[in-house]
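Subject: Handing over the model

Hi there,

Here is the structure I promised to pass on. Please have it open while you read, and my notes follow below.

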Amino acid sequence: MAIRNIRELGDDILRKNCREVKEMTPKIQELIDDMYDTMYEAMGVGLAAPQVGILKRIAVIDTDGTPYTMINPRILETAGEQEGSEGCLSVPGKAGMVRRPNYVKAEAYNENMERYEVEAEGLLARAICHELDHLDGKLYVDLVEGDLYDVETGDDDEE
Ligand code: NI
């Protein structure tokens, strides 16, 4: 168990493509455990491996008390649309309006490298899209409509 340092916007590693995980190893299991610790400590609902400096296709998500370990995840289907405020642990204190599908069906591998599917709506669908984007070097700030705003004060960012 360890809290890892979260990389922030401007760090090149957040813009890189992540590599597939071929097999579970003790080191990867430790990474996943640390990702959960780091996400919960920061009060986030999702965290992707590049955010802790590791270029592997792994994300952890917990929007409602159900944790999802997503290894080599892939979106299979999307439907609908939702507009809402989104933030990221790599962009602390900020949020912005992002349009996402309201429904997502995804596949991923769990910590035993067993394939599973998840169907998600609302916040979980948003989190899956957001975290999977991280694995391709994409950040929500690229998708924001309007300005980022300060979560505490509500003030727009003056770039
Ligand atoms: Ni993020």
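Two strands count as paired if DSSP finds at least two bridges between them. Helices (H or I, at least four residues) and strands (E, at least two) are DSSP runs, numbered from the N terminus.

Before the findings, a word on the source. This is a predicted model, in which local features need pLDDT of at least 70 and side-chain atom pairs count only at pLDDT 80 or more, while totals for chains, interfaces and linings use all residues. Residues are numbered from 1 along each chain as its sequence is written, and side-chain values use heavy atoms, with hydrogens and water left out.

Let me start with the strands around E3. Strand E2 (residues 58-61) pairs with E3 in the antiparallel sense through four bridges, and Val-60 has Thr-69 in E3 as its bridge partner. Six residues separate E2 from E3 in this hairpin, and Gly-65 in the turn has a positive phi of about 95°. E3 is also joined to strand E6 (residues 103-109) by six bridges, again antiparallel; here Glu-77 stands opposite Lys-105 in E6.

Then there is an open sheet of three strands, in the order E4-E5-E8, with antiparallel pairing. Its edge strands are E4 (82-86) and E8 (145-150), each of which pairs on one side only. From one strand to the next the twist averages 25°. Axes for such angles are lines fitted to C-alpha atoms (for helices over the stretch in contact), and angles run from 0 to 180 degrees between N-to-C directions. Strand E5 (residues 94-100) meets E8 over three antiparallel bridges, and Ala-95 has Tyr-149 in E8 as its bridge partner. Helix H2 (residues 122-135) lies across E4 and E5, at about 65° to E4; contact here means heavy atoms within 4.5 Å.

What coordinates the nickel ion? Cys-88 (SG), His-130 (NE2) and His-134 (NE2) do, at 2.0 to 2.2 Å. Donors are N, O and S atoms within 2.8 Å of the metal (3.2 Å for Na, K and Ca), and sites may look incomplete because water is not among the atoms. Along the chain the donors follow the spacing C-x41-H-x3-H. Distant parts of the chain are linked in this way: Cys-88 sits in the loop between E4 and E5, and His-134 is in helix H2, 46 residues apart.

Are these two residues, Cys-88 and His-134, buried or exposed? Cys-88 counts as buried because its relative accessibility is 10%, and His-134 counts as buried at 1%. The cut-offs are under 20% relative accessible area for buried and over 50% for exposed, with partly exposed in between (1.4 Å probe, protein chains only).

Two backbone angles may also interest you. Met-43 has phi near 60°, a positive value in a residue other than glycine. Met-43 lies in the loop between helix H1 (26-41) and strand E1 (46-48), and its relative accessibility of 74% is why it counts as exposed. Asn-72, not a glycine either, has a positive phi of about 50°. Asn-72 belongs to strand E3 (residues 68-79) and counts as buried, because its relative accessibility is 9%.

Best wishes
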